Amino acid sequence: MKPLNELIRANVLRMEPYSSARDDYKGKTASVFLDANENPFNSPINRYPDPRQSELKAALCQIKKVQPEQLFLGNGSDEAIDLMYRAFCEPRMDNVVAIAPTYGMYEVCAEMNDVAYRKVMLAEGFTLSAEKLLAATDQKTKLIWICSPNNPTGNDFGVSEIEKVIKKFQGLVIVDEAYIDFANRQSLIHRLEEFPNLVVLQTFSKAWGCAAIRLGMAFASPEIIGVMNKIKYPYNVNLLTQQEALRILERHYEVERWVENLIEERARLIQEMKALPLTVKIYHTDANFFLVKVTDAVAIYNYLVNEGIIVRNRHSVALCGNCLRITVGKRVENERLIEALKQWNTASK
């Protein structure tokens with residue numbers, strides 16, 4: 001890995017971070033707050049939230065087995081994705097490399113930040129080649145994006161190929177583990193000290209069932225997290241989100257049961273799908289969804305919409321022709337989907 005100062009944008013190195021009112025008295029106890037021009041009425045939401053999310057990070061680190069200085073919390077994982085560009089990529093000069101197909105926000109954020117985005121197509125069966133990813137890099141490549149388990153393909157790439165990329169690349173490797181709770185491998189967050197150029201993204205939106213609160217996590221070295229904290233907006237995670245996250249952390253054993261249920265339901269739903277004549281192929285998945293190739297993705301998608309059932313049409317995505325991405329729902333939702341598809345088969349004969 002290059003020295004971090006060679007990866008950070010020059011203007012970010014020079015800038016002084018904004019100091020919020022709540023930063024000024026850090027480490028001291030206070031009961032009268034006359035510093036931030038807040039309304040003294042309507043407690044507790046009249047006060048700005050903790051910009052460091054200290055209580056939430058302490059609770060989360062107990063579960064994730066990391067240190068608070070290795071953790072960044074953001075307004076969804078999308079904030080962390082955007083900050084990677086803003087901190088490390090010079091517009092119109094640097095570039096990033098990513099697998100394809102994959103999560104679309106990596107490319108959207110590249111375009112917003114005016115950074116060249118290089119796609120490396122996955123091989124047959126949606127497999128990852130470290131050599132191909134590395135071959136697409138040059139001296140101006142700052143980041144490599146790897147979503148594993150991947151969206152929309154659903155498969156986890158395993159550790160060996162990802163390790164090759166991390167060890168050989170001189171920039172930062174961001175591994176997005178949004179769906180790691182449904183996969184049969186350990187998270188890479190436990191190897192941060194081994195790989196100083198590794199950034200791992202996770203989210204409260206999937207296994208934790210908290211998509212509405214918009215809370216994402218980034219795990220990395222204290223130095224990388226320090227850069228992210230330097231340029232984030234001061235109060236990026238609101239009080240209500242922090243409070244709800246603390247409540248769900250207290251129920252983490254219930255979350256484990258949800259995951260077990262969804263994995264069981266995933267297997268059952270896939271078996272039901274395999275028996276349908278419209279199914280051409282179902283790809284291996286390690287997520288809470290699966291990608292299925294069907295006889296006519298556009299027609300079947302439109303039919304399901306008319307039936308009040310929404311899946312994701314991925315027909316226009318590279319390597320995903322005639323594919324639908326189906327999220328695993330509750331048993332009653334999955335049964336409704338299967339029944340509707342059986343009716344489609346009958347009607348289309």
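The lining of the largest cavity has seven nonpolar, two polar and one charged residues. Here Ala, Val, Leu, Ile, Met, Phe, Trp, Tyr, Cys and Pro count as nonpolar, Asp, Glu, Lys and Arg as charged, and the others, Gly among them, as polar. The model is a predicted one: local features need pLDDT of at least 70, side-chain atom pairs count only at pLDDT 80 or more, and totals for chains, interfaces and linings use all residues. Residues are numbered from 1 along each chain as its sequence is written, and side-chain values use heavy atoms, with hydrogens and water left out.

A cavity is a set of points, on a 1 Å grid over the protein atoms alone, where a 1.4 Å probe fits but cannot get out; a pocket is an open set with protein on both sides within 12 Å along at least five of seven lines; lining residues have an atom within 4 Å of a point. Grid points are joined across faces, edges and corners, and a volume is the space filled by probe spheres set on the points.

Two cavities of 30 Å³ or more are present. The largest cavity holds about 40 Å³ of space. Its lining includes Ile-99, Val-120, Thr-127 and Lys-132. Strand 3 (116-121) and helix 7 (130-135) each supply at least two of the lining residues. Helices (H or I, at least four residues) and strands (E, at least two) are DSSP runs, numbered from the N terminus.

The second largest cavity holds about 30 Å³. Among the residues that line this cavity are Lys-64, Asp-181, Trp-208 and Met-217. Three of its lining residues are nonpolar, two polar and three charged.

The largest pocket has a volume of about 540 Å³. It is lined by 18 residues, and Ile-63, Lys-64, Asp-181, Trp-208 and Glu-256 are the closest to its centre. Helix 4 and helix 11 (252-274) each give two or more residues to the lining. Helix 11 gives the most, with five. By class, eight lining residues are nonpolar, five polar and five charged.

Helix 4 (residues 54-64) also packs with helix 10 (residues 239-249), at an angle of about 25 degrees and with the axes 10 Å apart. Helix 4 is therefore roughly parallel to helix 10 (angles under 35 degrees count as roughly parallel). Axes are lines fitted to C-alpha atoms, for helices over the stretch in contact, and angles run from 0 to 180 degrees between N-to-C directions. Contact (heavy atoms within 4.5 Å) involves residues including Leu-56 and Ile-63 of helix 4 and Ala-245 and Leu-249 of helix 10.

Conventions
Parallel < 35°, antiparallel > 145°, perpendicular 65-115°, else oblique.
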